[in-house]
Number of protein chains: 2
Amino acid sequence: MEKQLKAVSDANRLTLLSCLKSGETCVCDLVDVIGLSQPAVSQQLKKLEEAGIVTARKVGTWKHYRIVEEQSPAIRAIIDQLETKSPNQCTTCQS
Amino acid sequence: MEKQLKAVSDANRLTLLSCLKSGETCVCDLVDVIGLSQPAVSQQLKKLEEAGIVTARKVGTWKHYRIVEEQSPAIRAIIDQLETKSPNQCTTCQS
DNA sequence: TTAATATATAAGCATATACTTATATATAAC
DNA sequence: GTTATATATAAGTATATGCTTATATATTAA
């Protein structure tokens with residue numbers, strides 16, 4: 001429980017989750033939204049993944065992240081409480 | 001939201017909340033449970049208080065902390081998911 | 001095969017966090 | 001008033017966190 005809560009208790013990671021609420025999103029689109037460097041976003045996504053909150057699917061060079069459906073009630077409630085944010089989709093990585 | 005999540009994403013503070021689920025508890029009893037120094041517990045309680053998750057009532061030299069009833073769904077769900085832990089009550093500060 | 005692109009990992013660094021010990025404050029007991 | 005007790009605050013320090021830049025890896029395109 002602590003690990004999952006640590007994973008979501010960060011403004012940037014909450015923003016990532018807001019974006020992922022709109023559906024599967026590739027890393028490059030998330031980078032545009034967050035306004036951090038690509039490695040920073042990659043590292044944040046890794047934390048969310050290690051906590052079991054998001055998962056990823058590789059499509060060519062791209063990687064599409066999404067929120068794991070099955071969640072504890074607490075994590076579910078946190079995600080539900082986030083606004084949904086729709087990042088612009090880059091033209092290259094639409095699958 | 002971030003502030004509240006940061007406040008609860010710590011093992012010791014989650015344990016404090018577990019204890020407070022059993023009802024109003026004075027600091028000295030919480031110190032016994034946590035096994036940290038008294039100042040450490042005091043500081044953790046302050047974080048929870050500043051996040052609006054707990055509140056306190058002073059009774060003489062003692063201070064009784066309790067969980068704030070009204071909570072956002074997310075924080076509510078987190079607290080609900082914690083087990084209830086009943087700390088031993090010290091003989092002096094029973095009010 | 002070479003160049004370009006998407007993502008991940010590594011290393012370094014600045015800031016945040018969470019303890020500790022020491023001390024302050026407030027109340028109670030004598 | 002003096003002493004003891006409960007709690008809070010302050011200062012110091014070790015570790016964790018979250019960026020950055022540089023580099024590695026994998027895939028695609030030419």
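**View 1. Chain A meets chain B.** The contact draws 15 residues from chain A and 15 residues from chain B. This is a predicted model. On the side of chain A that touches chain B, three helices each supply at least two residues: α1 (2-8), α2 (11-20) and α5 (73-81). Of the elements, α5(A) gives the most, with 5 residues. Sorted by class, this side of chain A has 9 nonpolar, 3 polar and 3 charged residues.

**View 2. The protein surface near DNA strand C.** There are 26 residues around DNA strand C. Those that come nearest are Cys28(A), Pro39(A), Ser37(B), Pro39(B) and Gly60(B). In chain A, α3 (27-34), α4 (38-50) and β3 (62-67) each give two or more residues to this surface, and α4 (38-50) of chain B does too. The most come from α4(A), with 6 residues. By class, the surface near DNA strand C divides into 11 nonpolar, 11 polar and 4 charged residues.

**View 3. The sheet of chain A.** Three strands form an open sheet in the order β1-β3-β2, with antiparallel pairing. The edge strands of chain A are β1 (25-26) and β2 (54-59), and each pairs on one side only. Strands of a sheet pair through backbone hydrogen bonds. Between β1(A) and β3(A), which run antiparallel, there are 2 bridges. Look for Cys26(A): its bridge partner in β3(A) is His64(A).

**View 4. A helix on the sheet.** Here α2(A) packs on the sheet. This helix touches β1, β2 and β3 of chain A. The direction of α2(A) makes about 90° with that of β3(A).

Methods. Residues are numbered from 1 along each chain as its sequence is written. Chains are lettered from A and ligands numbered from 1 in the order in which they are written. This is a predicted model: local features need pLDDT of at least 70, side-chain atom pairs count only at pLDDT 80 or more; totals for chains, interfaces and linings use all residues. Two residues are in contact if their C-beta atoms, placed from the backbone, lie within 7 Å. Helices (H or I, at least four residues) and strands (E, at least two) are DSSP runs, numbered from the N terminus. Ala, Val, Leu, Ile, Met, Phe, Trp, Tyr, Cys and Pro count as nonpolar, Asp, Glu, Lys and Arg as charged, and the others, Gly among them, as polar. A residue is near a molecule or strand if its C-beta atom, placed from the backbone, lies within 6 Å of it. Two strands pair if DSSP finds at least two bridges between them. Axes are lines fitted to C-alpha atoms, for helices over the stretch in contact, and angles run from 0 to 180 degrees between N-to-C directions.
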